[in-house]
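Work through these exercises with the structure open. Try each task before reading its solution.

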Amino acid sequence: MSESFVVTVEPIGRQVVCRDDQPILDACLRAGVWLPHSCTHGTCATCKVDVVDGDVDHGEASTFALMEFERDEGKLLTCCARPRSDVTIEADIDVDDDIEMHPVEDYVGTVVSIDEVARDTVRLVVDLDRDMPFNAGQYLKFTVPAAADGSAESVDRTWSIASPPTQSRTLEFHIRKVPGGRGTDGWVFSSLAVGDLVPVSGPYGRFVLHTGQDNHTIMVAGGTGLAPIKSMLRHGLENGTYEGEMSLYQGGRSREWLYDVDFFRALAAEYDQFTYRPCLSEETPEQVAASGDDPDAYGYGMVTDVLAADHASLSGCKGYLCGPPLMVEAALKTLMSKRLFPRDIYREEFFNEGDKAAGVNSPLIRR
Ligand SMILES: Cc1cc2nc3c(=O)[nH]c(=O)nc-3n(C[C@H](O)[C@H](O)[C@H](O)COP(=O)(O)OP(=O)(O)OC[C@H]3O[C@@H](n4cnc5c(N)ncnc54)[C@H](O)[C@@H]3O)c2cc1C
Ligand code: FES
């Protein structure tokens, strides 16, 4: 039977009961105490805090995200650490006033549809058993079932919500197949079917649309990094929560890897404040023209190069970057070279288990 301990969160002085098999972050988010976090699997180091008092088990924290000397100095990753005594932590809780963070809860979803929308990419629609309040840009944790033959335990995988928060029960997700991946190759793309019940929890994450502003937002999405950005754009435009200009740069190798292009073109036609730039890194204007498509409808090259060529300066803008870690890193460099400060750039890297093992992390901005 598990034992429970009290976790005190300073400087706010809130106390939360946490089981000895439960990550401290999980206990806090479920109790409505918001702590900074991003990947929730010990890779990004966003959730690193100081231990003032008490003992913990560091769990599956990567040795890159929490180095040995940091453990010795009394730091922990709240997404991995489980208490071994009553614990006091000191966290840097910098929630923006314009954002209301909602407590994490468990839900049961029913799969409504799974449709292939691009190469190795599906749109998954899930109906929850009740409404879930969330912010545009947040994500859910799905429980990937254990293997029937007992060869693999159940694991959690995180996928971002692509639908707007006003649609709080029927949620859309975009999932890219990762060869050899437990959650994608081994579940969503092999056995998950319409009508299946899926246990999920959420909402998680701090990559959210900061509404009530009128800065020009530059959004850069690689692959299924489009998911949280689609939620933000729909919330900002269709729900009228964002006053400024919004620009989307969507990157893909070729047109077969891009999806929702017609959706965003229609959105750009409807909203003057929105501009859309689909970008192709491995197709040329000649190839696009030869297939009967309009070559002027795309940018050519890496999405970051197209963005850089379009703007002499991005001073005063806000950046939202999402996708594979290397793309987010490149986009960070581009935005900073165009005079954006790190504090004006929000980002979500889609770290997976391979990244965790390899220690992939951003050396540009320490978390
Ligand atoms: C905040 C957040 C939001 C995300 N949102 C989305 C989203 O909306 N859409 C989306 O498509 N993805 C998203 N992701 C990525 C997603 O969570 C998964 O990482 C991704 O879908 C792959 O999961 P998987 O279980 O298939 O692969 P994993 O099982 O994680 O494996 C990934 C790769 O690593 C290899 N690997 C596994 N374990 C090890 C190991 N120990 N050592 C070395 N290599 C290993 C595997 O063979 C595979 O090639 C998000 C990630 C984060 C952090
Ligand atoms: S949220 Fe804890 S390491 Fe990423």
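The model is predicted: local features need pLDDT of at least 70, side-chain atom pairs count only at pLDDT 80 or more, and totals for chains, interfaces and linings use all residues. Residues are numbered from 1 along each chain as its sequence is written, chains are lettered from A and ligands numbered from 1 in the order in which they are written, and side-chain values use heavy atoms, with hydrogens and water left out.

**Exercise 1.** Find where Ser85 is located, and decide whether Ser85 is buried or exposed.

Step 1. Locate the residue. Ser85 sits in the loop between strand S6 (82–83) and strand S7 (87–90). Helices (H or I, at least four residues) and strands (E, at least two) are DSSP runs, numbered from the N terminus.

Step 2. Check accessibility. Ser85 counts as buried because its relative accessibility is 18%. Buried means under 20% relative accessible area, exposed over 50%, partly exposed in between (1.4 Å probe, protein chains only).

Step 3. List neighbours. Leaving out residues up to four places away in sequence, Ser85 touches Phe5, Gly54 and Asp55. Contact means heavy atoms within 4.5 Å.

Step 4. Look at Asp55. Its backbone nitrogen is reached by the side chain of Ser85 at 2.9 Å.

**Exercise 2.** Describe helix H8 (residues 325–337) and what covers its buried residues.

Step 1. Take the span. H8 has 13 residues and reaches 18 Å from first C-alpha to last, close to the 18 Å expected at 1.5 Å a residue. The expected span is 1.5 Å times one less than the number of residues.

Step 2. Pick out buried residues. Among them are Pro325, Met327, Val328 and Leu332.

Step 3. Find the cover. It includes strand S14 (217–222), helix H7 (303–310) and strand S18 (318–323).

Step 4. Go past the end. Arg339 follows H8, with a positive phi near 75 degrees.

**Exercise 3.** Which residues come nearest to ligand 1, and which element gives the most to its shell?

Step 1. Of the 27 residues around ligand 1, Arg157, Thr158, His174, Gly183 and Thr184 come nearest. A residue is near if one of its heavy atoms lies within 4 Å.

Step 2. Follow the oxygen atoms of ligand 1. One lies 2.5 Å from a polar side-chain atom of Thr184. A polar backbone atom of Arg176 is 3.0 Å from an oxygen atom of ligand 1.

Step 3. S11 gives the most to the shell, with four residues.

Technical notes. Polar contact = N/O pair within 3.5 Å; in protein donor to acceptor, adjacent residues only side chain to side chain.
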